[in-house]
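Hi,

Here is the structure I promised to pass on.

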Amino acid sequence: MYTPGRAQDLRWMQRAINLAALCPPARGAYSVGAVIVGEDGTKLASGYSRATGPREHAEEVALAQLPQDEPRLAGATIYSTLEPCSQRSASRTPCARRILEAGIPRVVIAWREPSLFVDNCVGVEQLVTAGVIVDELPELATAARSVNNHLFGGC
């Protein structure tokens, strides 16, 4: 499993934040970036919200770039600027479940999902209960949140 030092975690999360900044702002959705890093420390895939369609989440975009049975995912880490969602509309698979189905053993986030759209996101709890290691980088939470100022009354 990819478990670098904190400096590498911060570097990969900053890449995810840079991707989140590319998201077209949407009134009803967060701007999120995600990077999947293999066990050898190389980027396997990346994405950001709405990169390929108006309803796609960053983790979904990144995972779609790899085959479902990609063996490198078993040792990978996914960096997501926001806690993976635990619920979506009936026709969409939540990102926490997508990560579990992909077999990714480690998730790194910058901030927890606030109750703006979902009263109680439990993506982290679902992942931890399933045995996934979840690390949080609170020192980058402000940067990850800032690309979402359009949702909180900012410009």
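Are Tyr-30 and Trp-111 buried or exposed? Both are buried in this model, Tyr-30 as well as Trp-111. Do keep in mind that the model is predicted.

Those two residues also go together in another way. The structure has 2 aromatic pairs. In one of them, the ring centres of Tyr-30 and Trp-111 are 6.0 Å apart and the planes stand at 90°, so this pair is edge-to-face. Tyr-30 sits in the loop between helix 1 (6–20) and strand 1 (33–37), while Trp-111 belongs to strand 4, so the pair ties together parts that are 81 residues apart in sequence.

Another ring to look at is that of Trp-12: Arg-11 lies over its face, 4.5 Å from the ring centre.

Now for helix 3, residues 95–102. Its buried residues include Cys-95, Ala-96, Ile-99 and Ala-102. These cover an arc of only 130° around the axis, which puts them on the same side of helix 3. What do the buried residues of helix 3 pack against? Their partners are helix 2 (58–64), strand 3 (77–82), strand 4 (106–111) and helix 4 (123–129). After helix 3 comes Gly-103, with a positive phi near 80°.

Finally, the core. The largest nonpolar core counts 40 residues, and Met-13, Ile-36 and Leu-73 have the most contacts inside it. Leaving aside residues up to four places away in sequence, Leu-73 touches Ile-36 and also, among others, Leu-44, Leu-63, Ala-102 and Gly-103.

Cheers

Note on methods. Residues are numbered from 1 along each chain as its sequence is written. This is a predicted model: local features need pLDDT of at least 70, side-chain atom pairs count only at pLDDT 80 or more; totals for chains, interfaces and linings use all residues. Side-chain values use heavy atoms; hydrogens and water are left out. Buried means under 20% relative accessible area, exposed over 50%, partly exposed in between (1.4 Å probe, protein chains only). Helices (H or I, at least four residues) and strands (E, at least two) are DSSP runs, numbered from the N terminus. The arc is that of the directions from the helix axis to the C-beta atoms. Contact means heavy atoms within 4.5 Å. A nonpolar core is a set of buried Ala, Val, Leu, Ile, Met, Phe, Trp, Tyr and Cys residues joined through side-chain atoms within 4.5 Å. Rings of Phe, Tyr and Trp (its six-membered ring) pair if their centres lie within 6.5 Å; planes under 30 degrees apart count as stacked, over 60 as edge-to-face and the rest as tilted. A charge sits over a ring if NZ of Lys or CZ of Arg is within 6 Å of the ring centre and within 35 degrees of the ring normal.
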